[in-house]
Amino acid sequence: MPADAVRSRSRTPPRGGGSAESFDAETNLKKVQEEWDKAVPCLQEFVRIPNTTVRTDKEWETNGLLDKAAEHVVDWFRRQEIAGCTVELLKDPGFSPFVYIEVPGTANSPRAATTFLMYGHLDKQPHGEGWDADIAPTSGLIRDGKLYGRGAVDDGYHPFCYGIAIKALQRQGIAHPRMVILSECSEESGSMHLGHYVEKLAPRIGNPSVCFCCDAGGDDYDTLWVTTSLRGTLRANVQISTINQGQHSGVFGGALPDPFRVMRSLLSRIEDPATGRILLPELHTKIPVERQSQMKALADKYGFLPGVAAALVDGAKPQTADAFEMRVNSAWAPSMAVCGIDGLPSVAMASPVIHPSVRLMLVIRIPPLVDAEVAVKAVKAALEDNPPYGAKVEANVTGYNGWNAPDLKPNLKEACEQACRTYWSGNKIAQKSCGGGIPLMNMLSEMFPEASIMCTGALGPGGNMHGPNAFLHLDHCIKLTAGLAMIMGILEPDSSWPDDVPRPSTDLKAKKPKYCFRIPELMVGQCPCCM
């Protein structure tokens, strides 16, 4: 990292905590770099563990791969000699492993009363196809400053990032807040086991002032990106049956209904096949004006979403040529994808037969403010009610809510801006609505309404977190770690309330969004769509 990129340069590290002006950012970056140089081989070994997630690995309870991934992280943390650090590996019957790490705040410091709750996950998406011949999903290959492999950027780097940040502060003698790290192993399966452990550990977690997640990213590697919203997700396993056994397509074609055609008919109840627009009103919402403004600013600066043009085959076009509409569609509008199919043979093994049934796995993304429970009922009804030809339809639909981020508290926002200017060449933080989902975020907002919740991450252009050739941009990851350390080291307490006096309880109410449909430049209620 160029020396002139580091903006804060005092040579006297604050022993009891300090301001941005007294924080030695250059020394902090050096300490972080040293620790990451030692940690990278351990992260490579994590990538080489071929664990996936509970939904796709039917033998996860017996093959020990998730346990091995969790134990690997636990072993690394225990070797770091972080003062006061306790590391626990929990494995309750019927649940995937869960890592709970706690580091007490610096004694006799005001920061000791502040808790940073840090989240990440250790399970991984299935490897999938399309990887380059020299980049295996479990290779851990480093090339051109990028660490390749499944689970590196999504988001196996998180325990190393969090641990190195706190260790760098301790090595400099800088006061830091209490730190709680939660590492789950079911996030890629919808965090089905997370609630069990969070509820169990809630008394020990306490009331965090800041909740931090690094499972997201941004449109470039030139700034600190903060995610302002996430879509919810519905998963639907749908089986369509029309006949008892396969039948000759010449003899019975035109007499017996093909289950695949019935499936296409049912899907058209949910999605317009010509445009991709979701037709169920329960899956749509109005868009807060501040989110529209953010998306328009990104569209004006960056154009299309990063990676869209590179992903298309020659001659193919995106769903829309308008950059703003593309960002709205991918973050605040519902969308559907067919992600798996059973019941049909491969093309090489196919014969002219009408098959008895087909089974699809659908993934439907829903906007942040849509109620997942309502959406689940609407999708299930669309698939099962009055099917063509009286076909037998079984739809198992589940889902979780999206998340619309509350505003960061002024002290945290200022600390983030200071860290961003320091390590990203004077740039301001960038805000982005993301089309993916992280089930924990909405849970945190409900559990800790007074906490600032910050979602960021090391993912950037080309990182391809669920696809082939996924990679972690190491230099960006180092900056993120140094930035996190700086945020913890300079964050001013929420108030000057004395540490030995109980704080009065507060009843924070969620801020009601200011809604506008499509024109954020106009006052809400004055635009044509609202009128």
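Glu34, Glu35, Lys38, Lys167 and Arg171 are joined to one another in a network of salt bridges, and in this predicted model the structure holds 18 salt bridges. Side chains of opposite charge can pair when their charged atoms come close.

**A pair within helix α1**

- The side chains of Lys38 and Glu35, both of which belong to the network, meet in a salt bridge with a nitrogen-to-oxygen distance of 3.4 Å.
- Lys38 and Glu35 are 3 residues apart in helix α1, and therefore about one helical turn separates them.
- Lys38 counts as exposed because its relative accessible area is 56%, whereas Glu35, at 4% relative accessibility, counts as buried.

- Lys91 is partly exposed, with 37% relative accessibility, while Asp67 is buried, with a relative accessible area of 16%.
- Asp92 forms a salt bridge with Lys200, in which the closest N and O atoms are 2.9 Å apart.
- Here too the pair links distant parts of the chain, with Asp92 in the loop between β1 and β2 and Lys200 in helix α6 (residues 194–205), 108 residues apart.
- Asp92 is buried at a relative accessible area of 16%, and Lys200, with a relative accessible area of 45%, is partly exposed.

**The contact between helices α1 and α15**

- Helix α1 (residues 25–48) and helix α15 (residues 474–490) have axes that come within 9 Å of each other and cross at roughly 130 degrees, which means that α1 counts as oblique to α15.
- The crossing in which α1 passes α15 is right-handed.
- On the α1 side, the residues that meet α15 are Asn28, Leu29, Val32, Gln33, Trp36 and Val40, and on the α15 side their partners are Leu474, Cys477, Ile478, Thr481, Ala482, Ala485 and Met486.
- When the residues of this contact between α1 and α15 are sorted by type, they divide into 10 nonpolar, 3 polar and no charged.

Terms used. Residues numbered from 1 in each chain as written. Predicted model: local features only at pLDDT ≥ 70, side-chain atom pairs only at ≥ 80, totals over all residues. Heavy atoms only, no water. Axes fitted to C-alpha atoms, helices over the stretch in contact; angles between N-to-C directions. Helix = DSSP H or I, 4+ residues; strand = E, 2+ residues; numbered from the N terminus. Parallel < 35°, antiparallel > 145°, perpendicular 65-115°, else oblique. Left-handed = near helix turned anticlockwise from the far one by under 90°. Contact = heavy atoms within 4.5 Å. Nonpolar A, V, L, I, M, F, W, Y, C, P; charged D, E, K, R; others polar. Salt bridge = Lys/Arg side-chain N within 4 Å of Asp/Glu carboxyl O. Buried < 20%, exposed > 50% of the residue type's maximum accessible area, 1.4 Å probe, protein only.
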